[in-house]
Each structure stands twice: as C-alpha cells, then as structure tokens.
Amino acid sequence: MTRWGILATGHIAGRFVEDLGLLPDAEVVAVGSRSLPSAQAFADRYGIPRAYGTWKELAADGDVDVVYVATPHSAHHLATMICLDAGRAVLCEKPFTLDLATTTELIEAARARDLFLMEAMWMRCNPTILRVLELIADGAIGEVTTVRADFGLAGPFPPEHRLRARELGGGALLDLGVYPVSLAYLLLGRPDQVRAWAKIGPEGVDENTGIVLGYESGAVATLTCGLVGGTPTTASVTGTLGRIELPSPFFRPGGFTLLRAGAEAEAVVTEQTGGGYQYEAAEVQRCLRAGLRESPLVPHAATLDVMSLLDTVRAQIGVSYT
C-alpha cells in the first residue's frame, strides 16, 4: 500500500484524490494546507485521517510515502523543496516550476537526497497517448513530419484570476501551452529552432500565444494556447504514411483516429476509467516499488527540456515573473 499526502486543497487536488480511490494499493493518509480549516474541510470531505495547517507538518508526517503537490505553479518550488528536505518522494503538478533554474534546483535536490521526484504531466502516462506512441514507433504513419496542437480557454478571466495574475505565474503558456509543447517534445524531441509570438495582457502575461518549432529533419510543430477564446483543444500528428487525429481534450483522449495512406480511417478506442489522474499515480507507485528515483514515462530530462523550451518562448514574447 502506498500512502499519499496531499499538499493543497483546490479543485485538482480533489480530482486527484477521487482518482486515487480507483487504485486498490493507494491510500490518502494526510492533507496539508496553509490554512488548517481548509485542510480539515478537505480531510472531512474525502475521509482523510489527518489534516495539517502547514506544509512542513505534512512533510514531517512519517506515515506519508509520497506527497502530491497541487498548489498554483508559483508555489511548486517551495512546496516541493519542503517535502524533499523532509525526505518525502514527490509528484509535483505541471508546469514543474516557473523556470528552468528552479526546476533544475528541485531535480538536483531530489538526486542529492536519493528521492523519487516526478512532474505530474499526466498526458505522458495516459493509455491512449502510450498507444499512439506504440503505433508511431511501429511505423504506422511513417516518419513524423508535422505536429499540430492547441489549448485555448474562452474566459473571460478577471485580473486577479490565477491565469492572469503575474505573481502566480499566470498566462496561457505555462498553464495551457505546456500541453502542446509537451506533446511536440514527446513526438519529435528537442527542436533546433523556436519562434513565438504573443499578445500580452495588461497584467503582463500572455493572453494568446503561437509557437513554431523547427527540426533538422524538416519536421515542424505548430502550437497555440490562449485565454481569449475556446479552441478545439485537439491535436494531429502527420507522418509520411498517414496521420493520427487526437480529439478533445488531446492530452486525455478516450481514443483517436488513425488514417493510413490508401486505407479506410480506423477509430481506435482505449478503455479508460475515472478522470485520468490515476494513471500517473499508478506510475509513481510502480516506480516506488521498483526503487526508481525517476519515471521512464516522465523522466527528469523531459521535464528539463520542456521547461527550457518554455523559458525560450517566454523570452521571445517578453513575459517575466521576476
């Protein structure tokens, strides 16, 4: 049995706890917040035995095997470091931190302490996405030449909303754009060229962003994210012999369409349960049982590379959190 601690009490934390209930070998034993009433209310709602009013108290709980950090991403670095300092393994929500420097600090800290650490990029653990990768590896669509993906929300969001608040790492790129960028990286690796443009809002964060990634192979990824309009939130992967279409939401699809050259379209349905968070939790538990310090599905190198790409895009569009 893997004993989980939950750090933060927002919507995503609740969804994660609900999906943990689908894993017979998972147990939530504690929750921590900056507010004891908030932690207690969360504990009462989900039947969690212990509630703490500080992150340090949660991290100090010796019955906790791994902590799920679900704060806004501006607090990921501090919360995760507190847990690592206390000797806890950590699954930290995406984006891992606000920049490459602080992401590197956390990974180096985990390695120095010989602790497991993983970014909660649930898309990389999703069974549909894993099936797509298998098909591509088997040559189903030939060599990948183009990736297209979008993630845009309609809003409107008030200035104090976390998506617009600069002090919380707001903007479309880190919260939404991390998915298209991660998909392109998963399929094509590190690009050789990065070009980005964005409309910057009055709060100093990006409202609507476009990214083009270019590769020496000739492959291209065209990616968009935004806070000013609801986009399809779909993705397509084109190769020399066919195409794969991922429906909305492309980062948690229930299936996809495979279009091979000269053949009828194939609808591929994958069997999934719950909200999709249980797959990343199951991967964490598998790694802990195996004594691993990082996941082969969400390796540290991928987290570092994607954060480096996000840093490059932010520099080009003029968004800074310092």
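**The loop with Pro-249, and other local details**

Guide: Pro-249 lies in the loop between strand 12 (242-246) and strand 13 (255-260); helices (H or I, at least four residues) and strands (E, at least two) are DSSP runs, numbered from the N terminus. The peptide bond that joins Ser-248 to Pro-249 is cis, with omega at about -15°. The model is predicted, so local features need pLDDT of at least 70 and side-chain atom pairs pLDDT 80 or more, while totals for chains, interfaces and linings use all residues. Residues are numbered from 1 along each chain as its sequence is written, and side-chain values use heavy atoms, without hydrogens or water.

Another cis peptide bond links Lys-94 and Pro-95, with omega of about -20°. Pro-95 is placed in the loop between strand 5 (89-93) and helix 5 (100-112). Most peptide bonds are trans, and most residues other than glycine have a negative phi.

Two residues have a positive phi. Asp-114, which is not a glycine, has phi near 60°; Asp-114 sits in the loop that runs between helix 5 and strand 6 (117-120). With a relative accessible area of 47%, Asp-114 is partly exposed, because buried means under 20%, exposed over 50% and partly exposed in between (1.4 Å probe, protein chains only). Thr-233, again not a glycine, also has phi near 60°, and its loop is the one between strand 10 (220-226) and strand 11 (235-239). Thr-233 counts as buried, at 8% relative accessibility.

Strand 5 and strand 6 run parallel and are joined by four bridges. Val-90 is opposite Leu-117 of strand 6.

UniProt, in an unreviewed entry, lists residues 3-118 as "domain: Gfo/Idh/MocA-like oxidoreductase N-terminal"; such annotations use the numbering used here, with shortened feature names, and may be inferred rather than shown by experiment. Residues 3-118 are 43% helix and 22% strand, and the end C-alpha atoms of the span lie 16 Å apart. For residues 130-245 the unreviewed UniProt entry gives "domain: GFO/IDH/MocA-like oxidoreductase".

Leu-20 is part of helix 1 (residues 11-20). Leu-20 has a relative accessible area of 3% and is buried. Leaving out residues up to four places away in sequence, Leu-20 touches Trp-4, Ile-6, Ala-26, Val-28 and Ala-281; contact means heavy atoms within 4.5 Å. Between Leu-20 and Trp-4 there are 9.2 Å in space, C-alpha to C-alpha, and the two are 16 residues apart in sequence.

Helix 7 (residues 172-188) and helix 9 (residues 300-317) have axes that come within 10 Å and cross at roughly 120° (lines fitted to C-alpha atoms, for helices over the stretch in contact; angles run from 0 to 180 degrees between N-to-C directions). Residues that make this contact include Leu-173, Leu-174, Val-178 and Tyr-185 from helix 7, and Ala-301, Val-306, Leu-309 and Arg-314 from helix 9.

Definitions and conventions:
Two strands pair if DSSP finds at least two bridges between them.
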